[in-house]
Amino acid sequence: QDFPTKESFLKALFYFPKAIFISRNYVKQQKGKVNELHILINLSLFLASIKIFEKKLLEYRIQQVVLTNDHNLHTLALLLAAQNLKIGTYYIQHASVSPAFPKLLPDFSLLEGQQAVDVYDEIGSLSRKIYLVGIPRLDGIIGFKKSLKATNITVGFCLKPYYSEQLIKEYIEALSSSQNVAKIILRPHP
């Protein structure tokens with residue numbers, strides 16, 4: 001069943017004042033880097049979604065929650081709802097990790113390698129137990145990578161809507177000044 005979007009938007013109206021209060025310092029710090037209205041709407045939806053997920057987890061008697069993404073609105077709301085109800089949470093890494101990611105919150109995390117562990121340590125991982133599982137999707141790519149030349153490359157950005165237009169322009173200008181970059185592609189994430 002799809003996430004109850006109508007219900008989450010209606011409940012989000014109730015959480016909008018709380019979202020303004022919670023986000024005011026963050027929005028001030030990020031002035032010009034984030035879309036303030038987008039942050040407020042999504043924070044309201046996030047707070048409402050936690051309560052909706054708590055209800056659904058109890059209704060379906062869920063005993064464990066496994067996630068492959070820990071930093072979008074609905075999966076993070078599901079994660080926190082499960083933890084509020086003392087339901088075990090597990091994270092399986094599916095992509096490279098960046099210092100821009102949030103703290104690793106699930107109880108147990110299956111990470112691809114030491115680089116991911118190091119990045120999450122720097123961020124401030126709160127995961128109780130971390131297991132290293134390797135990177136099967138990259139098997140065989142090392143030989144291919146060595147055959148590539150680092151000129152005439154295409155750079156792709158997968159952007160979330162909360163990045164400001166000014167910040168995106170700055171990145172494009174910086175990349176455009178490189179002699180090695182032939183093409184820049186922008187698309188929404190996911």
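## Overview

Of the 190 residues in the protein chain, 33% are buried, where buried means under 20% relative accessible area, exposed over 50% and partly exposed in between, with a 1.4 Å probe and protein chains only. The model is predicted, so local features need pLDDT of at least 70 and side-chain atom pairs count only at pLDDT 80 or more, while totals for chains, interfaces and linings use all residues. Residues are numbered from 1 along each chain as its sequence is written, and side-chain values use heavy atoms, with hydrogens and water left out.

The protein chain holds six helices and six strands. These are DSSP runs numbered from the N terminus: helices are H or I with at least four residues, and strands are E with at least two. Along the sequence their order is α-α-β-α-β-β-α-β-α-β-α-β.

## Parallel strands and crossovers

Strands count as paired if DSSP finds at least two bridges between them. Strand E3 (residues 108–111) and strand E4 (residues 129–132) run parallel and are joined by four bridges. Leu-110 has Tyr-131 in E4 as its bridge partner. Between E3 and E4 the chain passes through helix H4 (residues 114–123), giving a right-handed β-α-β crossover. Right-handed means that, with the strands pointing away from the viewer, the path from the first strand over the helix to the second runs clockwise.

E5 and strand E6 (residues 181–188) also run parallel, with seven bridges between them. One of the bridge partners is Lys-183 in E6, which pairs with Thr-154. Here the chain crosses from E5 through H6 to E6, and this β-α-β crossover is right-handed.

## Aromatic pairs

A pair of aromatic rings is described by the distance of the centres and the angle of the planes. Rings of Phe, Tyr and Trp (its six-membered ring) pair if their centres lie within 6.5 Å; planes under 30 degrees apart count as stacked, over 60 as edge-to-face and the rest as tilted. Phe-14 is exposed at a relative accessible area of 64%, whereas Tyr-15 is buried at 14%.

Another is the pair of Phe-157 and Tyr-171, which is stacked because the ring centres are 6.0 Å apart and the planes stand at 25°. Phe-157 belongs to strand E5 (residues 153–159) and Tyr-171 to helix H6 (residues 165–176), so the pair ties together parts that are 14 residues apart in sequence. Phe-157 is partly exposed, with 21% relative accessibility, and Tyr-171 is partly exposed, with a relative accessible area of 44%.

## Cavity

A cavity is a set of points, on a 1 Å grid over the protein atoms alone, where a 1.4 Å probe fits but cannot get out; a pocket is an open set with protein on both sides within 12 Å along at least five of seven lines, and lining residues have an atom within 4 Å of a point. Grid points are joined across faces, edges and corners, and a volume is the space filled by probe spheres set on the points.

In the whole structure, a search finds one cavity of 30 Å³ or more. The largest cavity has a volume of about 30 Å³. Its lining consists of Phe-157, Leu-159, Ile-168, Tyr-171, Ile-172 and Leu-186. E5 and H6 each give at least two of the lining residues, and the largest share, three residues, comes from H6. By class, the lining of the largest cavity has six nonpolar, no polar and no charged residues. In this scheme Ala, Val, Leu, Ile, Met, Phe, Trp, Tyr, Cys and Pro count as nonpolar, Asp, Glu, Lys and Arg as charged, and the others, Gly among them, as polar.

## Largest pocket

The largest pocket holds about 1,600 Å³ of space. Its lining has 38 residues, with His-71, Ala-100, Lys-160, Tyr-162 and Tyr-163 lying nearest the centre. Helix H1 (5–29), helix H2 (36–59), helix H3 (73–84), E5 and H6 are the elements that give two or more residues to this lining. H2 gives the most, with five residues. The lining of the largest pocket divides into 24 nonpolar, 12 polar and two charged residues.

## Two further positions

His-94 sits in the loop between strand E2 (88–92) and E3 and is partly exposed at 39% relative accessibility. The C-alpha atoms of His-94 and Thr-68 are separated by 6.0 Å, although the two residues are 26 apart along the chain.

Gln-115 is in helix H4 and is partly exposed, with a relative accessible area of 47%. From C-alpha to C-alpha, Gln-115 and Ser-98 are 9.8 Å apart in space and 17 residues apart in sequence.
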